[in-house]
Amino acid sequence: MKKCNWQAVDAASNDGAGRLPAGGYVARITNVEDVPSREYIYIEYDIAEGEYAGHYANVTDRPYLHRFVKGYGDKAMPFFKQFLEALQFSNPGRFDWARWMERSDEREFIGLEIGIVVQDEQYTNTRGEDKVRQNVVGIYASQDIRNGEFKVPEPKDSREKVGAPQASTAATEGAYEDVPF
């Protein structure tokens, strides 16, 4: 092992390293990145209130842990409008989507609060290992989260089923041989 001056190294903390419980949160938008070729934006956030406030403050090397995607292409427009309205309701006097529309500058979202619902998802990674990740599955006005006016969906299971029985074609082989057409 290489020699190192361990006294000069700050120890890592667990702040932000653990997973949030699935649920509703008032979040603050910390960064936005437009991907015009795909017609969506990445929205990074941190928890703004409650027990988990500042949960992601020290997580700068893994933005995928605390970001979600909002599309603004033709098919996604109604959902983006819902996002804009939730921003307006969450930030009265600070954000008005109709005035924002004149500039359409996504960077203006930084610093605004929004209500989010986070769901756990079990999945199988590319190495065949079962893991858990979290997804933002709902956008709400902050006050709706504070009032408990949201529903947390059951955990999603997207794991690959190893050894799951395959449908057999033996029962249907030859079944249509007597059909004259």
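Which residue forms a salt bridge with Glu113, and how far apart are the closest N and O atoms? That was my starting point today, and I kept in mind that this is a predicted model.

**Entry 1: the Glu113 pair.** I found that the partner is Arg146, with the closest N and O atoms 2.8 Å apart. Glu113 sits in strand β4 and Arg146 in helix α3, so this pair ties together parts that are 33 residues apart in sequence. I then looked up accessibility: Glu113 comes out at 10%, which counts as buried because the cut-off is under 20%. Arg146, at 38%, is partly exposed.

**Entry 2: who else is in on it.** Arg146 also forms a salt bridge with Glu49, and here the closest N and O atoms are 2.5 Å apart. This one links distant parts of the chain, with Glu49 in the loop between β2 and β3 (67–71) and Arg146 in α3 (residues 142–146), 97 residues apart. Glu49 is partly exposed, at 33% relative accessible area. Through shared partners, Arg28, Glu49, Glu113 and Arg146 join into one network. I counted nine salt bridges in the structure. Another of them pairs Arg103 with Glu108, closest N and O atoms 2.7 Å apart. Arg103 is partly exposed at 47%, and Glu108 is partly exposed at 28%.

**Entry 3: the core.** Next I went to the largest nonpolar core, which has 25 residues. Among those with the most contacts inside this core are Ile29, Tyr45, Phe83 and Phe109. I checked where the residues come from: β1 (23–35), β2 (40–47), α1 (77–90) and β4 (113–124) each supply at least two. Helix α1 gives the most, with five residues. I took a look at Phe109 by itself, leaving out residues up to four places away in sequence; its contacts include Ile29, Val32, Phe83, Leu87 and Trp100.

**Entry 4: the β4–β5 hairpin.** Back on β4, I saw that this strand pairs with β5 (residues 130–140) in the antiparallel sense over 10 bridges. Thr124 stands opposite Asp130 in β5. Five residues lie between the two strands, and Gly128 in this hairpin takes a positive phi near 85°.

**Entry 5: whole chain.** Last, I stepped back. I get three helices and six strands, in the order β-β-β-α-α-β-β-α-β along the sequence. Of the 181 residues, 30% are buried. The chain exposes about 12500 Å², with carbon and sulfur atoms supplying 49% of that area. Among contacts with a separation of 6 or more, 58% are between residues 24 or more positions apart.

Definitions and conventions:
Residues numbered from 1 in each chain as written. Predicted model: local features only at pLDDT ≥ 70, side-chain atom pairs only at ≥ 80, totals over all residues. Heavy atoms only, no water. Core = buried A, V, L, I, M, F, W, Y, C linked by side-chain atoms within 4.5 Å. Buried < 20%, exposed > 50% of the residue type's maximum accessible area, 1.4 Å probe, protein only. Helix = DSSP H or I, 4+ residues; strand = E, 2+ residues; numbered from the N terminus. Contact = heavy atoms within 4.5 Å. Areas by Shrake-Rupley, 256 points an atom, 1.4 Å probe, with all protein chains shown as cover. Pairing = 2+ DSSP bridges. Salt bridge = Lys/Arg side-chain N within 4 Å of Asp/Glu carboxyl O.
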